[in-house]
Amino acid sequence: MVRVPKLTRADAAAALRNPLAFIAARWTPDPRTVRRAALAALVMSVVIVVTGGAVRLTGSGLGCPTWPKCTQDSLTATSEMGLHGAIEFGNRMLTYVLCAAVGWAIIAARSQKPVRRDLTRLGWIQFWVVMGNAILGGIVVLVGLNPYTVAAHFLLSSALIAVATVMWQRTREGDGVPRPLVGKSVQQLVWALIGVTVLLIAVGTVVTGAGPHAGDSSDVPRMPLDWEMVSKLHAVLAWIVVTLTFALWFVLKAVDAPKGPLGRTRDLFVILLLQGVVGYVQYFTDLPEVLVGAHMLGSCLVWIGTLRVLLALRERPDAAPADLPEQPDRTLTTA
């Protein structure tokens, strides 16, 4: 039976001064634990987008009409607010689950040996993006679901997904100098794919801002644009992304690229086709809420898939001992 060391007064003081350093000095997680923590943060960043979409699609965007409280007199939803209040308040509570997942990823990355500051930095970036988006979400409520703030809220969530995806990928790699697996022209093609995908997501938020699902049953203003014209532009951009993905797969086959980039390009192509089917069905069936929600999930998966293609273009082996920076002695002293 392992004897648990007693916590001295000096230990308690050190834990209060720097809890992350205190934990890291006493715990070294398995690499699989770090990977799972990063994946949990990524999954929760997608979940919060989908549940946020559910809030809008059920007309619960103003279920809690103020922020940070749910009403002027109550921090939580009340029975008088009904289902809409419960849905909106439930989504707010999921933000704490997301914070816990990101916090777990930060702790696991900080405690890994040898220390990888890039992972810790990516974890903290996620934390501050979550904080910023929580404040922006409150502003969305306070301004009555203004469509421009709703669009910004979604775009910031997409930025969170991007950082979480990069962190998850980095936990599955070494810390050496990246080595490209493809040539310059292929890299440029992928960056073009990234750029058009970003534009596709941005125009998608305009489709939402001009479309019928305003997020509440009250008279919420919409973007003064022709919704059908914006939807057609969105579809054109989607086809450009599909075409670029197919061209990339063809080029990778032609240059006999490694399996990693080929496999991820194939996965992205399949996701795009499924997303396209959902998009066209929802368009021709007057935007049923279930399909719109599925399309939002698909948007997250397309974005993750595109980023994974970019990250597959290089490999990072484990750093050689001579390449590792010397780490300062962080051993905590005890009285």
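What follows is a set of questions and answers on this predicted model.

User: Which residues touch the most other members of the largest nonpolar core?

Analyst: The largest nonpolar core holds 66 residues. Helices H3, H4, H5, H6, H7, H8, H9 and H10 each supply at least two residues of this core. Within the core, the residues that touch the most other members are Val 49, Leu 98, Ile 161, Met 167, Leu 248 and Leu 252.

User: With which residues is Ile 161 in contact, leaving aside neighbours within four places in sequence?

Analyst: Ile 161 is among the core residues that touch the most other members, and Val 49, which belongs to that group as well, is one of its contacts.

User: Is Arg 116 buried or exposed?

Analyst: The cut-off for a buried residue is under 20% relative accessible area. Arg 116 has a relative accessibility of 7%, so Arg 116 counts as buried.

User: How many residues apart in sequence are the parts that Asp 175 and Arg 116 tie together?

Analyst: The side chains of Asp 175 and Arg 116 meet in a salt bridge, with N and O 3.8 Å apart. Because Asp 175 lies in the loop between H6 and strand S1, whereas Arg 116 lies in the loop between H4 and H5, the pair ties together parts whose separation in sequence is 59 residues.

User: Which residues are linked with Arg 116 in a network of salt bridges?

Analyst: Arg 116 forms a salt bridge with Asp 118, where the closest N and O atoms are 3.6 Å apart, and Asp 118 counts as buried at 17% relative accessibility. Arg 116 also meets Asp 175 in a salt bridge, and Asp 175 counts as partly exposed at 30% relative accessibility. The network links Arg 116 with Asp 118, Arg 170, Glu 173, Asp 175 and Arg 314.

User: Which backbone oxygen does the side chain of Thr 245 reach?

Analyst: Thr 245 has its place in helix H8 and is buried, with a relative accessible area of 0%. Not counting residues up to four places away in sequence, Thr 245 touches Leu 193, Thr 265, Leu 268, Phe 269 and Leu 272. At 2.8 Å, the side chain of Thr 245 reaches the backbone oxygen of Val 241.

Notes. Residues numbered from 1 in each chain as written. Predicted model: local features only at pLDDT ≥ 70, side-chain atom pairs only at ≥ 80, totals over all residues. Heavy atoms only, no water. Core = buried A, V, L, I, M, F, W, Y, C linked by side-chain atoms within 4.5 Å. Buried < 20%, exposed > 50% of the residue type's maximum accessible area, 1.4 Å probe, protein only. Helix = DSSP H or I, 4+ residues; strand = E, 2+ residues; numbered from the N terminus. Contact = heavy atoms within 4.5 Å. Salt bridge = Lys/Arg side-chain N within 4 Å of Asp/Glu carboxyl O. Polar contact = N/O pair within 3.5 Å; in protein donor to acceptor, adjacent residues only side chain to side chain.
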